[in-house]
Every structure is written in structure tokens, then in C-alpha cells.
Amino acid sequence: MTDVTGAVEATDLRKSFKGGVRALDGLSFSVAPGSVFALLGPNGAGKTTTVRILTTLSRPDGGRATVAGIDVLSRPGQVRSVIGSVSQRSGAVSQLTGYENLVMQGKIYQMRRADLQRRVAELLGQFGLVQAARRQVRTYSGGMRRRLDVATALVHRPAVLFLDEPTTGLDPEGRAELWAVLTGLASAEGTTVLVTTHYLEEADRFAAKIAIVDQGRIVAEGNSEQLKARLQGDSVQLELADAHGAELAEKALTRVPQVRQTAADGAMLRARVADGPRALPAVLAGLEAGGVPVLSVTVARPSLDDVYLHYAGRSFRQAEGITVA
Amino acid sequence: MNLVRQSWVLLTTRYLRQLYRQPAVIGITLTQPVIWLLLFGALFKKVTEIPGFGGGNYITYLTPGVVVMTALFSSSWTGMAYIEDMDSGVMDRFLTAPIPRAALITASLAYQAVTTVVQSAVIIALGWAMGARFPGGAAGIAALIAISVLIALAMAGLSNGLALLARQRETLIAASTTLVLPLTFLSGAFLSLRLVPGWIAATARFNPVNWAASAGRLAIGGQSGWGTVGSYAGFLAIALVLTAAASTRAFRAYQRSV
């Protein structure tokens with residue numbers, strides 16, 4: 001027996017791709033059974049590579065991992081029979097109907113006919129696909145397809161469900177629905193759910209535990225409240241009159257001793273300070289001295305954005321490479 | 001056995017069902033060989049009169065050639081389904097499920113075998129309607145179909161392997177076309193090798209397509225050539241095993257890339 005306690009254990013995973021791109025750089029985390037765990041990070045942080053290793057699609061250069069207590073590297077076949085996987089791309093055969101895709105999945109997992117029929121009917125109902133069941137998947141909307149993908153991954157009642165960016169491309173309503181299903185799975189059926197996302201708000205609202213991934217490493221881990229509480233202090237959010245003034249403003253704030261860290265996102269600038277109300281006059285004075293006009297100021301408790309900024313040393317949006325004009 | 005069971009699941013719940021949903025594909029698959037038979041039949045009608053060909057009915061000569069050529073052409077596209085599966089995420093879904101890698105190959109080959117049997121039977125029936133005669137009888141026809149399946153699966157294994165390595169439609173199309181046309185025309189599929197330049201005849205001796213065409217022609221001819229038919233079929237079976245094994249290994253290259 002091993003001393004494995006988590007439903008998913010990743011230890012010091014390392015992986016580089018051809019051309020020397022280092023995707024994983026000693027990534028470790030542990031997922032409690034029956035919980036929803038989010039790997040949160042910008043595109044390119046290493047989330048997909050991690051999921052690919054855990055679902056046996058890819059092998060790491062170093063480190064080890066277990067899923068449901070089974071070693072991913074030495075027993076990939078056994079891992080495959082206890083996991084469900086929803087990748088970024090659909091995975092449904094588009095010329096088959098939704099019903100046929102679900103039945104195929106059950107047959108691959110050698111489910112008995114009666115059990116499979118019952119399970120498929122149950123999932124079609126649960127995912128609102130009863131009407132569409134006999135239609136070819138190529139006629140489905142993006143949201144229906146995604147629901148079918150998740151239903152397919154659940155046909156064989158996996159112990160651990162992996163979802164790689166499942167909510168990308170869904171409308172806000174669809175995202176909320178999907179998250180409701182995932183949290184329900186964990187609480188009602190004890191399924192362990194590992195989901196990757198680059199939406200801070202989603203991880204914040206729905207995941208029991210969050211691991212923040214940056215450049216192939218976990219930089220912080222905990223539930224959303226813990227992560228925020230660890231960042232003592234406040235966030236001062238400044239709306240600048242001129243988006244191009246951000247650089248100037250950050251420079252001006254380096255001369256304000258109360259400011260620990262800054263991050264600009266277009267005309268929005270956040271400054272981390274120990275005590276928001278007390279630091280505010282100094283912040284504003286510093287900006288005025290630097291000749292940066294400010295439109296509005298808000299003092300707030302830290303958000304996950306601030307958590308990310310603190311641990312990764314840059315703002316989430318910067319890391320994503322999004323430039324706001 | 002898991003390999004057989006999973007191949008059967010994939011063949012029936014996926015490949016054959018998908019084919020049934022695409023009647024246009026069935027139509028095109030069956031029309032294409034008809035065109036070859038009519039076209040080459042008309043184009044080369046008089047070649048049997050060339051001294052040295054040996055006379056006889058050209059449609060009788062041509063039918064096994066078209067059977068083999070069609071098997072080769074359609075199986076050379078087998079890998080396209082893999083590329084589609086890689087693009088759509090279906091491949092990753094299968095690779096994370098408890099399906100042996102070899103079953104992914106054998107399911108695809110089994111599907112190709114079914115297609116080839118139907119296609120070959122249609123061509124043989126049409127050839128007969130156009131005047132071809134098969135002194136080898138039912139056994140000869142069965143042997144021709146079996147041989148067309150062998151060459152189709154050898155080519156399909158190669159096509160799957162190329163698909164897993166190249167992972168791009170353009171590359172697979174270029175490779176298939178470059179391979180398939182010379183293989184067909186450097187064989188006795190359309191013309192007796194007694195009439196072609198020496199170097200072509202020499203090359204043809206090492207060409208699996210020529211093995212298949214010659215073996216098929218001997219089989220339906222009903223002459224006493226069963227030993228030759230058997231040894232050609234053996235060579236083709238070896239080629240099939242080699243390409244199927246190579247394509248199973250090519251999954252590793254694909255997985256390294258993801």
C-alpha cells in the first residue's frame with residue numbers, strides 16, 4: 001500500500017517540449033476526494049499539460065502522479081478505467097447522435113446493457129439533452145455539445161473527473177449551469193472533480209480549493225478565502241484619466257513607501273497597501289506629484305486578482321497577454 | 001480478449017454507424033470504381049490486340065486490376081479519419097479510455113476491410129455485366145476479394161501511421177498521392193508486363209500492388225496458379241502485419257507531441 005491520501009496527487013511534475021519550452025517546472029498538488037479542485041492560471045501556465053499527464057495522454061519528464069491511488073506512469077491502463085476526461089476539444093463524434101455517443105462510451109467501458117440504458121437516460125435528463133438525443137451532434141449548439149461532453153465523461157461513473165477549460169466558449173448562463181453540475185457531482189456522488197480554468201471569478205465562486213499555476217509551478221494553494229486572507233492588506237484601485245499614463249503612475253508609486261506592489265491593466269491601476277484608508281492620501285499625493293490625473297479611487301479587500309498578482313508578480317491579465325487599449 | 005472486444009465496439013458503434021449516417025460517402029465509394037472500370041475499359045479496349053498481350057477480353061484482364069487499384073486508393077485515405085479524430089478531440093477521448101492502442105488500429109482496419117469487400121464485390125459484379133468472365137469460379141472470386149483486402153489493409157496501416165506522424169491533412173494527401181499512383185502504374189494492373197519497358201517490369205516484381213494484381217488475376221483465371229497466389233498473399237500478409245505494427249507504435253510519437 002502507499003501513503004496516498006488525495007484522489008489526485010501530483011508530485012514535482014516536470015515537462016519540457018521540443019524547442020526547450022518548459023511547460024511544467026516542479027508542479028505539485030493534492031486533491032481531496034469528493035471535492036471540486038480548480039487549477040487556475042493564464043493560458044500557457046501549464047494547466048493543460050498537467051491534465052494531459054494525469055489522464056495518461058502525455059508522460060512527464062520527471063516527477064510522479066497518482067489518480068485514485070493508482071500510479072499514472074506505471075499503471076496508465078488502470079487509471080483510464082477510473083477517470084472521466086473532458087478535453088478542450090469536444091471529443092464527440094459529430095456524425096453520431098448524442099444518444100449514440102453516450103452508448104458508445106458505455107460499451108467502451110463494458111457496461112451491461114440494462115445499466116447502460118438506464119444511465120444514458122438519466123444523463124440525458126440531467127444535462128437537458130432529451131430532446132436532442134436523436135439528433136446528430138453536428139447540429140448541436142456549443143453549449144449542448146459541451147453538456148454532452150461532460151455527460152459522456154460521466155457515463156461509466158468515474159471516480160475522478162478531469163475537465164480542461166470546460167466553460168470556455170459558454171455564455172454566463174451555461175457556465176453557471178455547468179458549475180452547478182460539477183459541484184453537485186462532488187457533493188451528491190462523491191466524485192472528485194479537477195477542473196482547469198482561466199476565469200478567476202469561476203474558481204472563486206465554485207471551487208472548494210484553488211491552486212494558482214504560473215509558469216509551470218503552483219504558486220499558491222488553498223480555498224478562495226484563505227488565499228485572500230493570506231494577503232493581509234487592501235487593494236487600492238485607481239482609474240486613470242489616461243490609459244497611457246499607467247506606466248508613469250506605476251513609476252510615481254514606487255516613490256510611495258506604503259505601496260507594496262502595483263499592476264496596471266489599461267487605465268485601471270491596482271496598488272497593494274497594508275491599510276487602504278490610511279495609505280490613500282499618500283497614494284494620491286504621489287500620483288499628483290508624478291503628474292498623473294486620477295478619475296476615481298476604490299479601496300477594496302483583496303480579490304483573487306490581487307492574490308495572483310502577489311504570488312505571480314504580475315497581474316492576471318498581463319500574464320494572459322491581454323492588452324486593453 | 002480485450003483487443004478483439006474493443007475493436008468490435010469501435011467498429012460497430014462508431015465506424016459502421018458513422019458510415020450509415022453518411023449515405024453520400026457510400027454513394028461516392030461505390031461510384032468511383034465504376035468510373036475506373038468504364039474509363040479504362042474504353043481507353044485500353046484494343047490493347048489485347050497488341051501482339052504479346054496474349055489476346056482475350058480486356059475487361060476480364062482489367063477487372064482484378066481495378067479491384068486492386070480501388071482497394072489501394074480508398075485505403076490510402078484511412079488516415080484522414082485519424083487526423084479528423086485528432087482535430088476534433090475524439091482521439092484524445094479514446095486514448096484516455098481503457099482501449100488498447102492496437103484496438104484503435106484494428107478497428108480502423110476492420111472498417112477498411114468491410115468497405116473493401118463491398119467495393120470489390122460491386123466491381124466484380126459490374127465487370128461481369130460488362131463481359132468479364134471468371135473461370136476460377138466462386139473460389140477464385142473469393143480469393144481476389146481476400147487479396148484486395150490484404151493490400152487495402154497494408155496500405156491502411158501505412159496511412160494510419162503517416163497520419164499519426166504527420167498529423168496534417170496536406171501531408172497525408174501529398175504522401176498518399178505520391179505513393180499510390182506510381183505503385184499502381186508500376187504494376188500489371190492495366191497492362192501486361194510483357195508490353196512495358198524492362199525497368200518497369202523489373203520494378204513491378206517488388207511492388208505489392210503488382211503482387212496483388214497478379215495473384216488476383218491468377219485466382220479468377222482458374223489456372224493452376226494457386227501456389228503463386230498463396231505466396232503473393234503471404235507477402236501481402238507480411239506487409240500488412242508490418243504496417244499495422246508500425247502504426248501502433250506511431251501512437252507513441254503522437255502522444256509525445258501532446
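Trainee: In this predicted model, which residues in H11(B) do Pro208(B), Trp211(B), Ala212(B), Ser214(B), Ala215(B), Leu218(B) and Ala219(B) in H10(B) meet?
Mentor: Start on the H10(B) side, where Pro208(B), Trp211(B), Ala212(B), Ser214(B), Ala215(B), Leu218(B) and Ala219(B) make the contact. By class, the contact of H10(B) with H11(B) has 12 nonpolar, 2 polar and no charged residues. The H11(B) residues they meet are Thr228(B), Val229(B), Tyr232(B), Ala233(B), Phe235(B), Leu236(B) and Ala239(B).

Trainee: At roughly what angle do the axes of helix H10 and helix H11 of chain B cross?
Mentor: Two packed helices are described by the angle between their axes and the distance between the axes. Here H10(B) covers residues 208-221 and H11(B) covers residues 226-257. Their crossing is left-handed. The axes come within 9 Å, and they cross at roughly 145°.

Trainee: Which helix gives the most to the side of chain B that touches chain A?
Mentor: Let's look at the contact between the chains: 20 residues of chain B are in contact with 25 residues of chain A. Helix H1 (2-20) and helix H5 (90-95) of chain B each supply at least two residues of that side of chain B. With 6 residues, the one that gives the most is H1(B).

Trainee: And by class, how many charged residues does the side of chain B that touches chain A have?
Mentor: Take the classes in turn for the side of chain B that touches chain A. There are 7 nonpolar and 8 polar residues. The number of charged residues there is 5.

Trainee: Over to chain A. What percentage of its 325 residues count as buried?
Mentor: For the overall picture, chain A has 12 helices and 14 strands. Its C-alpha trace spans about 75 × 45 × 40 Å along the principal axes. Of the contacts in chain A with a separation of 6 or more, residues 24 or more positions apart account for 70%. As for the 325 residues, the share that counts as buried is 49%.

Trainee: How far apart do the C-alpha centres of domain 1 and domain 2 of chain A lie?
Mentor: The domain assignment of chain A gives domain 1 as 8-222 and domain 2 as 230-320. 10 residues of domain 1 are in contact with 9 residues of domain 2. The two C-alpha centres lie apart by 36 Å.

Trainee: Which helix gives the most to the side of domain 1 of chain A that touches domain 2 of chain A?
Mentor: Helix H7 (200-206), E9 and E10 of chain A each supply at least two residues of that side of domain 1. By class, that side has 6 nonpolar, 2 polar and 2 charged residues. With 3 residues, the element that gives the most is H7(A).

Trainee: In the open sheet of 6 strands in chain A, what is the order?
Mentor: The pairing in this open sheet is mixed. E6 and E10 (217-222) stand at the edges with a single partner strand each, so one side of each is left without a neighbour in the sheet. The twist averages 15° from one strand to the next. Reading across the 6 strands, the order is E6-E7-E8-E3-E9-E10.

Trainee: Which residue in E9(A) is the bridge partner of Leu40(A)?
Mentor: E3 (residues 36-40) and E9 (residues 209-214) of chain A pair in the parallel sense over 4 bridges. The bridge partner of Leu40(A) in E9(A) is Ile212(A).

Trainee: Are the faces of strand E6 of chain A covered or uncovered?
Mentor: In a regular strand the side chains alternate between the two faces of the sheet. In E6(A), Ile83(A) and Ser85(A) are on one side, with Gly84(A) and Val86(A) on the other. These residues are all buried, so by the cut-off each has 20 or more other C-beta atoms within 10 Å of its own. Both faces of E6(A) are covered.

Trainee: Which residue in E7(A) does Ile83(A) stand opposite?
Mentor: E6(A) and E7 (residues 160-164) of chain A run parallel, joined by 4 bridges. The residue opposite Ile83(A) is Val160(A).

Trainee: In the open sheet of 4 strands in chain A, what is the order?
Mentor: The pairing in this sheet is antiparallel. E2 (21-31) and E5 (70-71) of chain A have a single partner strand each and stand at the edges, so one side of each lacks a neighbour in the sheet. The order is E2-E1-E4-E5.

Definitions and conventions. Residues are numbered from 1 along each chain as its sequence is written. Chains are lettered from A and ligands numbered from 1 in the order in which they are written. This is a predicted model: local features need pLDDT of at least 70, side-chain atom pairs count only at pLDDT 80 or more; totals for chains, interfaces and linings use all residues. Two residues are in contact if their C-beta atoms, placed from the backbone, lie within 7 Å. Ala, Val, Leu, Ile, Met, Phe, Trp, Tyr, Cys and Pro count as nonpolar, Asp, Glu, Lys and Arg as charged, and the others, Gly among them, as polar. Axes are lines fitted to C-alpha atoms, for helices over the stretch in contact, and angles run from 0 to 180 degrees between N-to-C directions. A crossing is left-handed if the near helix is turned anticlockwise from the far one by less than a right angle, and right-handed if clockwise. A residue is buried if 20 or more other C-beta atoms lie within 10 Å of its own, exposed if 12 or fewer, and partly exposed in between; C-beta atoms are placed from the backbone. Two strands pair if DSSP finds at least two bridges between them. Domain bounds come from an automatic or database domain assignment.
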